[in-house]
Amino acid sequence: MEVVKPVKRNVLLNPGPATTTDTVKYAQVVPDICPREEEFVAIMDEVRQDLVKVVHGNPEKYTAILFTGSGTIIQDVLINSLVPEGKKICIVNNGAYSARMVEIAGYYNIPCVNLEFPTTGLSDLDVVKQTLEADKDIAAVATVHHETGTGVLNPVRKIGKIAHDNGCVFIVDTISTYGLIPINIEEENIDFCMSSAQKGLCGMTGVSWTVGKIEEIEKSKDYPKRSYYCNLFMQYDFFKRVGEMHFTPPVQTVYALSQAIKEYREEGEQARYERLTQCWEAVHTGLEEIGLDTVIDKEIQGHLVVTIKAPQGDKFDFFKLHDYCYERGFTIYPGKMFGLETFRLCNLGQITHTDIENFFIVAKEAFKEMGYTIPISA
Ligand SMILES: *Cc1c(COP(=O)(O)O)cnc(C)c1O
């Protein structure tokens, strides 16, 4: 991949899109092509096979189905396509992205059991078990692997076991862990996982996918068709017959994804996880040096997002901190927790612990600009 001219590098510490390589950026610059041409269909086919491999799926049992859109589109697809007529979905909800799936079910009038737990901890699995045993109308269970809103990593393997023991299909939003934390789809008891190109694989926004169990997709053929564009079986069937998306794919975004997958393979699953864990450790070190407190217990964090309590008092101004860092090439992000002022530092992208250390040099200056002495005293 030729990089004609290096592009200004920004370190994105927001929860996606993530910092990308120039080779991925330039992979989008390709001759115009009609996506119905064999040449493009072959690229799509290879990408789909690779997406199954990332989560170690057996290609005889699992397939990748892509849609044009950001991550929420694939949440929408799976929630609206996998609940049979007259049945319910149960959402194990301990954060903003599970809450979004509850909302999606609501928009489609799909009966939904919203099992809500505090966003600062893990879900109570006894409650999940009792709920599924008591209500045999529940046919699907959905949850989020890594709550990007807080940084909590959920025990999906255990939730999946409970779902399967009760005859439910298990849908997991792995949007912020896919390609970052090693996942073996079958061992994790997952029937459908999902992700989006701008997250862990470090591609461009515009294409999202599920890796799902073929047997369950086939079963969904006769489930209610609740959306025209966002129906899973329709898209699966089209891929099976024609080898491509039903409607126009985001051509250039798919080329970038193909390059991003190559770079993922070159780095290696374990090496990527370790690089990001180093970034995450550097985040904790930097926060301790400034004297800032985190919200979530370190033991239940996914090594990808840290939620930070804003310091007490009126000196703190998130926008000042943001703008100071932004002007120097670092993007930080507000929190997503109700009733507590927080902000987040996320390390999903093509970054290293050195980027994090450089960020903290800038962040310390920003705190001094706001009138703090470092370390901030309680
Ligand atoms: C990013 C993300 C999504 C999707 O968000 P979009 O803005 O639609 O891409 C969904 N779930 C999780 C856990 C995410 O991190």
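Strand S3 (residues 88–93) and strand S4 run parallel and are joined by 5 bridges. Two strands pair if DSSP finds at least two bridges between them. Helices (H or I, at least four residues) and strands (E, at least two) are DSSP runs, numbered from the N terminus. This is a predicted model, in which local features need pLDDT of at least 70 and side-chain atom pairs count only at pLDDT 80 or more, while totals for chains, interfaces and linings use all residues. Residues are numbered from 1 along each chain as its sequence is written, and side-chain values use heavy atoms, with hydrogens and water left out.

## Strands S3 and S4

Within this pair, Ile91 stands opposite Asn114 in S4. Together with helix H4 (residues 96–107), S3 and S4 make a right-handed β-α-β unit. A crossover is right-handed if, with the strands pointing away from the viewer, the path from the first strand over the helix to the second runs clockwise.

Buried means under 20% relative accessible area, exposed over 50%, and partly exposed in between (1.4 Å probe, protein chains only). Cys112 counts as partly exposed because its relative accessible area is 28%.

## Cysteines

A disulfide is a pair of cysteine sulfur atoms within 2.5 Å. By this rule the model has 0 disulfides. Another cysteine, Cys34, has 41% relative accessibility and so counts as partly exposed.

## The ligand

There are 14 residues around the ligand, and Ser70, Thr72, Thr148, Asp173 and Lys199 come nearest. A residue is near a molecule or strand if one of its heavy atoms lies within 4 Å of it.

| Side chain | Ligand atom | Distance |
|---|---|---|
| Ser70 | oxygen | 2.6 Å |
| Gln198 | oxygen | 3.0 Å |
| Asp173 | nitrogen | 2.6 Å |

How much of the ligand does the protein bury? Taken alone, the ligand exposes 380 Å², and the protein buries 87% of that. Accessible areas come from the Shrake-Rupley method with a 1.4 Å probe; for residues, only the protein chains shown count as cover.

## Helix H3

Ser81 belongs to helix H3 (residues 71–81). Is Ser81 buried or exposed? Ser81 has 2% relative accessibility and therefore counts as buried. A polar atom of the Ser81 side chain lies 2.7 Å from the backbone oxygen of Val77.

## The sheet of S11, S14 and S13

An open sheet of 3 strands has the order S11-S14-S13, with antiparallel pairing. Its edge strands are S11 (305–309) and S13 (333–334), each of which pairs on one side only. S13 and S14 (residues 342–346) run antiparallel and are joined by 2 bridges. Here Pro334 stands opposite Phe343 in S14.

Val305 and Val152 are 153 residues apart in sequence, yet their C-alpha atoms are 8.2 Å apart in space. Thr307 also lies in S11, and is buried, with a relative accessible area of 2%. Which backbone atom does the side chain of Thr307 reach? The Thr307 side chain reaches the backbone oxygen of Thr150, at 2.7 Å.

## Two further positions

Ala197 lies in the loop between strand S9 (192–196) and strand S10 (207–213). With 0% relative accessibility, Ala197 counts as buried. Ala197 and Val242 are 45 residues apart along the chain, and their C-alpha atoms are separated by 23 Å.

Glu2 is found in the segment before strand S1 (11–12). At 63% relative accessibility, Glu2 counts as exposed. Between the C-alpha atoms of Glu2 and Pro224 the separation is 47 Å, and these residues are 222 residues apart along the chain.

Notes:
A polar contact is a pair of N or O atoms within 3.5 Å; within protein, one must be able to donate a hydrogen and the other to accept it, and residues adjacent in sequence count only if both atoms are side-chain atoms.
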